[in-house]
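Please read these notes with the structure open beside you.

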Amino acid sequence: MQEGTNESFYAEQISEDIAQTSGLIKAIETILPALERFLQFAKPERTVKERAFWSAQLDEPLPQVGAGAEAVLALLRDVVIPNGLRTGDPGFSGWVATMPTTIPTAANLAGVVSGSAYQCIQAFNLLESQALRWLAELVGLPSTYQGLFTSGGSVANIVGLGAARQYAAERLGIDPARDGIESVAKPRIYASTEVHHVIFRAAAVLGLGRRAVVTIPTDQALRIDMEALQERISLDRATGCTPMAVVANAGTVNTGAVDPLPELEKLCHEQNIWLHVDGAYGLFGVLDPQVTSLYGDLSLADSLVVDPHKWLAAPIGCGCVFVRDASLLERAFTLEPAAYVEESQPVYAGNALLTSQFDDFGNLFHHFGVEQSAPSRGVQVWAILKEIGAEGVRARICRHNGYARHLAERVQASPCLELMSPVILSICCFRYVPSPLRGRVDREATELLNRLNRMILSRVRARGRCIPSATTVHGAFVLRPCYINPRTTLTDVEALAGEVEFCGAEQWALLSDE
Ligand SMILES: Cc1ncc(COP(=O)(O)O)c(C=O)c1O
């Protein structure tokens, strides 16, 4: 065939796709040893020091001609994987996020390959529902709550508060999903000053505006001040505002404080205001008998968020929301039927049997949130719960809360460490205080301590044995280890106290020399 003829043109069009579509075992086997090595966390992290070297191998213009499968796998093996993010390192206690354990990792891969969409008649669709049912039972919710997996806590909070918006507007005879919220007078969402910052964005996305979130002061233990909340709601009602929701923290990201849920449940019930519980991090805390009473009766909440990609160690990209009233949630988020989706389904006469897995959508989730296409996330949660059971999760929660309590005791026994907030869940906030500054609360001392503890954080991180994060508590810069990492042991917890003492003395000597 001559070049340029019609024959060669059509031959090109019907040739096979150039991307490899078989040979999965070989491809995965090429990178598996590198992944396993990464998981050993054996060598100190060199990713920052070697940044110029590895980024030079990756940072290139769009290839016009592909390099081929082997080149990609080699880069993954030799350059990308070794320079990934070590949130699963046993010494890492920095975020409310960690690397997945082994079995949900495998389940994730299974979902990518065999459950590439979560609808229709297939095992992954069944596990989506089953995992939600198991999760609800685990945290003490009736199975009648509508659950939904989301990409994380940010979106889960948008969905829960979207339901709250629907509820409050419908009571005024408005359908906000259809007509918007223009005619809802001054909507208000109440939350403590410790609320997670994604709540403000949720209000913005829902068209309420960030300023609709009214922050209420906290008590000394950083829980919402109930009196201040009640006063503010009364004032707002008197001035024509529309109370839309109270957001209760079930484990603040800063200190792990749990708002007084029993009182909030009562208040919201009496005032007929939607109670939304942000337990993205700490809802699983209800499993620890030492703190379970703080959660009251969770089934009195209208919506709740809990993220499997936090304490359950599911792969990142797995959040979850539960809403008591499924039909309300559907009214808030439903998708109109589309010709290419619902309207292309077969019409059955009587009890006609399904003939293809695509003849039915199975348990359909896309009417309850903001995604249409979504990965199969339920399989990851199912895999975790099937592997370790409710007892395994409970043991993890209790162990991690125990780590934080243990660290608090260690801090209180140290002459140069100071505990900065009560330990409720698995976060322990503390700081280094050299003897000349002990007991001082004046501004100069506070500023110096803030500076010193910032220096300590950098130094501890640079040494690499322990990687905590930091936050601010009552104006003080504090170190904030948060234990959710299944790979962390008590030795890592104790090592952190030692590291802070060591770096504290070292950095104080530097500061004092200035
Ligand atoms: C209490 C709380 N809410 C919401 C979020 C946001 O979750 P994500 O980062 O999964 O979007 C977090 C994250 O740390 C959180 O701790």
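1. This is a predicted model. Around the ligand there are 14 residues, and the closest are Gly153, Ser154, Asp278, His309 and Lys310.

2. What kinds of residue make up the shell around the ligand? Seven are polar, four are nonpolar and three are charged. Among the elements of the structure, helix H7, which runs over residues 153-170, gives the most to this shell, with three residues.

3. At glycine 153, a polar backbone atom is 2.8 Å from an oxygen atom of the ligand. At serine 154, the atom concerned is an N or O of the side chain, and an oxygen atom of the ligand is 2.6 Å away from that atom. Aspartate 278 also takes part through an N or O atom of its side chain, here 2.7 Å from a nitrogen atom of the ligand. On its own the ligand has 390 Å² of accessible area, and the protein covers 84% of this.

4. Helix H5, residues 102-114, supplies the largest share of the patch, namely three residues.

5. Leucine 109 counts as partly exposed because its relative accessible area is 39%, and partly exposed is the class between under 20% for buried and over 50% for exposed.

Terms used: Residues numbered from 1 in each chain as written. Predicted model: local features only at pLDDT ≥ 70, side-chain atom pairs only at ≥ 80, totals over all residues. Heavy atoms only, no water. Helix = DSSP H or I, 4+ residues; strand = E, 2+ residues; numbered from the N terminus. Buried < 20%, exposed > 50% of the residue type's maximum accessible area, 1.4 Å probe, protein only. Near = heavy atom within 4 Å. Polar contact = N/O pair within 3.5 Å; in protein donor to acceptor, adjacent residues only side chain to side chain. Areas by Shrake-Rupley, 256 points an atom, 1.4 Å probe, with all protein chains shown as cover. Nonpolar A, V, L, I, M, F, W, Y, C, P; charged D, E, K, R; others polar.
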